[in-house]
Amino acid sequence: MNYNQQINNLLQQFGSGNKESAYKKLLKILNKRKDDFLLRYNIAVIEQELNLNERARSNYKLIISNQENIKAMVNLYNLDIKEEKYEHALILIEKILEINNNLDFVNKDRAFVFLKLNKIKQSKNLCNTLLSKDEKDKDVLNILGLCYSAEDNFNMASKVFNRILSYDNNNIAALNSLGRLHHEKRNSKEAERYFLKALNLDSSSYQVLNNIAGFYREEGQYKKSINYYLKALNLNPNNSYILNNLSKSYFDINDFNLAESYALKALNYNKED
């Protein structure tokens with residue numbers, strides 16, 4: 001069996017469920033072939049799947065420092081977005097667009113990052129440019145609706161989100177966004193209805209779990225809030241925002257030991273940022 005066949009065989013083993021053994025064997029090979037950046041990339045992808053995000057991050061950075069690898073850059077900025085490191089993500093996105101400015105999926109992510117960095121005008125302008133190419137792009141429409149929501153323009157935001165639902169009645173992002181919108185307007189029954197409908201379609205949606213947890217906390221339903229925050233944390237264990245809100249929720253029910261524990265974890269991840 002030659003080298004490439006050996007790598008492909010181990011990747012197939014990982015895909016078929018023999019994850020730990022295949023991963024360890026791939027690491028041993030990489031230790032001998034440190035300049036095999038294709039192997040390093042495949043290992044980084046595996047590490048993301050195994051939730052070994054810091055290892056994946058290190059490997060992606062090493063790849064990028066040696067070659068213009070757009071796939072590695074995309075995966076790295078998606079890690080940044082997942083961990084809410086939006087400034088880091090934007091630097092990588094801009095670098096990718098310098099290499100190839102015709103990547104619409106990267107520009108979508110750029111619009112989202114602009115929104116998260118409160119660069120609302122830039123996000124809206126980019127959304128409108130992308131919608132001129134595809135007026136039914138649901139991802140872009142959702143970002144545009146969130147921009148209107150950030151501007152407290154309830155009517156325009158609601159109009160955009162309902163436009164998405166006219167194309168796709170079960171669009172989880174639009175349902176989640178409408179839940180958030182009604183939550184902000186203190187329309188509690190409507191907010192809960194949209195969140196629960198979204199979770200009924202996808203019970204493992206990190207964004208919906210996070211938002212419904214915040215909704216229940218503000219409603220004073222702390223046990224429900226903690227339950228949903230824990231589910232969200234299981235999907236995104238390094239998220240300092242969730243950790244901090246879990247700390248607050250445990251404080252709300254006078255469980256000061258767990259409140260302190262989650263607060264310290266949140267502080268540690270903030271320091272790493």
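These questions and answers walk through helix packing, a pocket and a cavity in a predicted model.

Me: How are H11 and H12 oriented to each other, roughly parallel or roughly antiparallel?
Reply: H11 covers residues 172-184 and H12 covers residues 188-201. They pack at an angle of about 160°, with their axes 7 Å apart. Angles over 145 degrees count as roughly antiparallel. H11 and H12 are therefore roughly antiparallel.

Me: Which hand does the crossing of H11 and H12 have, and what classes of residue make up their contact?
Reply: H11 passes H12 in a left-handed crossing. On the H11 side, the contact includes Ile172, Leu175 and Arg180. By class, the contact of H11 with H12 divides into 8 nonpolar, 4 polar and 3 charged residues.

Me: How do H5 and H6 run, roughly parallel or roughly antiparallel?
Reply: H6 spans residues 86-99. H5 packs against H6 at about 160°, with the axes 8 Å apart. That angle makes H5 and H6 roughly antiparallel.

Me: How many nonpolar residues are in the contact of H5 with H6?
Reply: The crossing of H5 and H6 is left-handed. H5 brings residues including Ile70, Met73, Val74 and Leu76. H6 answers with Leu92, Ile93, Ile96 and Ile99, among others. The contact of H5 with H6 has 1 polar residue, 2 charged residues and 12 nonpolar residues.

Me: At what angle do H4 and H5 cross?
Reply: H4 runs over residues 53-66. The crossing of H4 and H5 is left-handed. Their axes come within 9 Å and cross at roughly 145°.

Me: What classes of residue does the contact of H4 with H5 hold?
Reply: H4 contributes Asn53, Ala56, Arg57, Tyr60, Lys61, Ile63 and Ile64. H5 contributes Ala72, Met73, Asn75, Leu76, Leu79, Asp80 and Lys82. The contact of H4 with H5 divides into 8 nonpolar, 2 polar and 4 charged residues.

Me: Which residues lie nearest the centre of the largest pocket?
Reply: The largest pocket holds about 1,300 Å³ of space. Its lining is made of 42 residues. Nearest the centre of the largest pocket are Phe112, Lys116, Leu146, Arg180 and Gln207.

Me: How many charged residues line the largest pocket?
Reply: Arg180 and Lys116 are among the residues nearest the centre of the largest pocket. Across the lining, 18 residues are nonpolar and 14 are polar. The charged residues number 10.

Me: How many cavities of 30 Å³ or more does the structure hold?
Reply: About 30 Å³ of space lies in the largest cavity. The count of cavities of 30 Å³ or more is 1.

Me: What lines the largest cavity, by class?
Reply: Its lining residues are Ser149, Asp152, Asn153, Phe154, Leu181, Glu184 and Lys185. Asp, Glu and Lys count as charged, whereas Phe and Leu count as nonpolar. By class, the lining of the largest cavity has 2 nonpolar, 2 polar and 3 charged residues.

Terms used
Residues are numbered from 1 along each chain as its sequence is written. This is a predicted model: local features need pLDDT of at least 70, side-chain atom pairs count only at pLDDT 80 or more; totals for chains, interfaces and linings use all residues. Side-chain values use heavy atoms; hydrogens and water are left out. Axes are lines fitted to C-alpha atoms, for helices over the stretch in contact, and angles run from 0 to 180 degrees between N-to-C directions. Helices (H or I, at least four residues) and strands (E, at least two) are DSSP runs, numbered from the N terminus. Angles under 35 degrees count as roughly parallel, over 145 as roughly antiparallel, 65 to 115 as roughly perpendicular and the rest as oblique. A crossing is left-handed if the near helix is turned anticlockwise from the far one by less than a right angle, and right-handed if clockwise. Contact means heavy atoms within 4.5 Å. On a 1 Å grid over the protein atoms alone, a cavity is a set of points where a 1.4 Å probe fits but cannot get out, and a pocket is an open set with protein on both sides within 12 Å along at least five of seven lines; lining residues have an atom within 4 Å of a point. Grid points are joined across faces, edges and corners, and a volume is the space filled by probe spheres set on the points.
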